[in-house]
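I opened my notebook to record what I looked up in this structure, one topic at a time.

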Amino acid sequence: MKILLATYWNVPHLGGVWNYMQQLKKSLEERGHEVDLMGYGEENTIIHKVNTGEKVEKSKLLPFLQAKFPLYMYPNVYTNKLVEFSEFHRYLFELGATYLGLEKYDLIHTQDVISTASIKRVKPQNTPLIATLHGSVAHEIRHQLTTIHQSPTSHMAREYYDELERLGATSSDLTIVANHWLENILRDEFGVPQHQLRVLHYGFDSEEFIKQKSKQSYIDRPINKKVIIYSGRLTELKGVNYLIQALANLKAIRQDWICWIVGTGDKQEELQLLTKSLNLDNDISFLGSRDDVPALLSKADIYVLPSIIENQPLSLIEAQLAGKPSIVSNVGGLPEMIENNVTGLLVEPKDVYGLFISLNRLLTDSLFAKNLGENAKKWGMTHWSFENGIRNLLKAYDEVLLKKKTGDING
Amino acid sequence: MGKYTGSLKKWYSSLFKKNGEKDISESIDEFSINEVNVEELSVNEEPQPNIAQVEHTYQNNVQTNISTESPILLYDGKYDDLFLTPTATIPKSIVREELWDVIKERLPEDYTIPCQSSKYLYNIYF
């Protein structure tokens, strides 16, 4: 089969979606399929197929689109900048995907609601469309509308994204989610029919991870100090500021630890200032974006994920496969990944004191921490098996292909 | 997902970039005052034309310019069936026909911008 994996996000990027797309491509190609990867690129300036190099520049489509989408005709679109951004990008994605060509694919597998809603409008009618949703865009936006995107017209963006979530999740022949948390949101809040939803764990290439883990990293852990690690984007929704505040409390009672913060993001500078203001400069290291995360994880003792909203983060999967005890927020899909006191510790989001107590507990009770890590690894190696994940996904492909074929025959 | 909304500012800024020029979204030039050194001003000794003469000359120049300049080519409505918005006055130069021809050929027949089924999105206030 010729398969297109498509996303509205910028690719390549450092994050779970891109990682998943790459792993899936590799795995599908090993099974004899041909796979193309498409998405926005170069900071939203192009729509491209990453593996073929084909691209269309946004700047060549935008002027005419703007002229045909004027303010005087659609004033509400221009009232809220987030809505304006999304509407233009959505149509540009449709036009770009059309230009790059969709007719040659036997199946299209999108990775978010926006690309799903877009592709649905421009693909050949009989081409099966499967969506894997890696989170709730509407829920994330709702949070951001109270913070970074707050404006007098925030309610418009909220309604818009709610509708886009519903539209995207119902535009596919089958919508795959990683956990029951997201399944419940889509069904109960956005009215997606249950028969259209399927909970399938992505799977993770653990062999590749183990290979990467054994690679050398030039960052050494200090002698006589334990390493607490956070790995992920430095954005507001990741809640790293709460971790830093908890570490300030921890420092007041013990100094037998350091913390590595791995990743970049729009909150990096703010987090570094917070670190400095709490006099933690010598205790917390910002390591930036790195390609040796598996090796760093193997050197660490405790993994922390203090997110405010979360779906199924790759970094936690990696920490589990590395056999590390985790402290994570009790939000989104995380409680389905961590059994409290068995494979890790759950803490309420934004609970600085809870994080502090949990960190202190794992630093104090090494045996308990070791057991959590071992349990997490055992569970993770089975649960995140990429073979199982791909097998289930291929079954879903076959099912949708058959449904389409039968539909065609029945006219 | 933060990467999506995070790039809003860059995207918005890019709307105002033409052919790689600098961002003109915030480049409203203030009227500059040309400071002229009084000493450099020369006194024109020659007789000055009166207002009527100046206006006459100006009118002649305008007439000449209109008759010799070629008109701006306008978009001919070639892709209007893709849009709900009626034909507007759009310079042909901004329509990249080499792209839109391919796109038009490949799009489904019922395709429109905006999307028919979500038109109400644009009427949130109504």
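**Entry on the model itself.** Before anything else I noted that this is a predicted model, and I kept that in mind while reading each value.

**Entry on the domains of chain A.** I looked up how chain A is divided, and the domain assignment gives domain 1 as 2-203 + 386-409 and domain 2 as 217-383. I then asked how many Å separate the centres of domain 1 and domain 2 of chain A. Taken over C-alpha atoms, the centres are 30 Å apart. Where these domains of chain A meet, I found 18 residues of domain 1 in contact with 14 residues of domain 2. On the side of domain 1 of chain A that touches domain 2, the elements giving two or more residues are helix H1 (16-30), helix H6 (137-145) and helix H8 (180-189) of chain A. I also checked the classes on that side of domain 1, and its residues divide into six nonpolar, 11 polar and one charged.

**Entry on the sheet.** Next I traced an open sheet of six strands in chain A, whose order is E11-E10-E9-E12-E13-E14 and whose pairing is parallel. Which strands are at the edges? They are strand E11 (284-288) and strand E14 (344-347) of chain A, each of which pairs on one side only. I wrote down that the twist averages 20° from one strand to the next. Looking at one pairing in detail, I saw that strand E10 (residues 257-262) of chain A runs parallel to E11(A) and is joined to it by four bridges. For Cys259(A), the bridge partner in E11(A) is Ile284(A).

**Entry on H10(A) and H14(A).** I turned to helix H10 (residues 240-253) and helix H14 (residues 352-364) of chain A, whose axes come within 8 Å and cross at roughly 50°. Because of that angle, H10(A) is described as oblique to H14(A). The crossing of H10(A) and H14(A) is right-handed. Among the residues that make the contact are Leu243(A), Ala246(A) and Leu250(A) of H10(A), together with Leu355(A), Phe356(A) and Leu359(A) of H14(A).

**Entry on H4(A) and H5(A).** Helix H4 (residues 81-100) and helix H5 (residues 113-122) of chain A pack at an angle of about 50°, with their axes 9 Å apart, and so H4(A) is oblique to H5(A). I recorded that H4(A) passes H5(A) in a right-handed crossing. The contact includes Arg90(A), Phe93(A) and Glu94(A) of H4(A), and Ile114(A), Ser118(A) and Arg121(A) of H5(A). The residues of this contact between H4(A) and H5(A) divide into five nonpolar, three polar and three charged.

**Entry on H4(A) and H4(B).** Finally I followed H4(A) to chain B, where it packs with helix H4 (residues 97-106) of chain B at an angle of about 85°, the axes being 8 Å apart. Is H4(A) roughly parallel or roughly perpendicular to H4(B)? The angle makes H4(A) roughly perpendicular to H4(B). In this pair, Leu95(A), Thr98(A) and Tyr99(A) of H4(A) meet Leu99(B), Val102(B), Ile103(B) and Arg106(B) of H4(B).

Key:
Residues are numbered from 1 along each chain as its sequence is written. Chains are lettered from A and ligands numbered from 1 in the order in which they are written. This is a predicted model: local features need pLDDT of at least 70, side-chain atom pairs count only at pLDDT 80 or more; totals for chains, interfaces and linings use all residues. Two strands pair if DSSP finds at least two bridges between them. Axes are lines fitted to C-alpha atoms, for helices over the stretch in contact, and angles run from 0 to 180 degrees between N-to-C directions. Angles under 35 degrees count as roughly parallel, over 145 as roughly antiparallel, 65 to 115 as roughly perpendicular and the rest as oblique. A crossing is left-handed if the near helix is turned anticlockwise from the far one by less than a right angle, and right-handed if clockwise. Two residues are in contact if their C-beta atoms, placed from the backbone, lie within 7 Å. Domain bounds come from an automatic or database domain assignment. Ala, Val, Leu, Ile, Met, Phe, Trp, Tyr, Cys and Pro count as nonpolar, Asp, Glu, Lys and Arg as charged, and the others, Gly among them, as polar.
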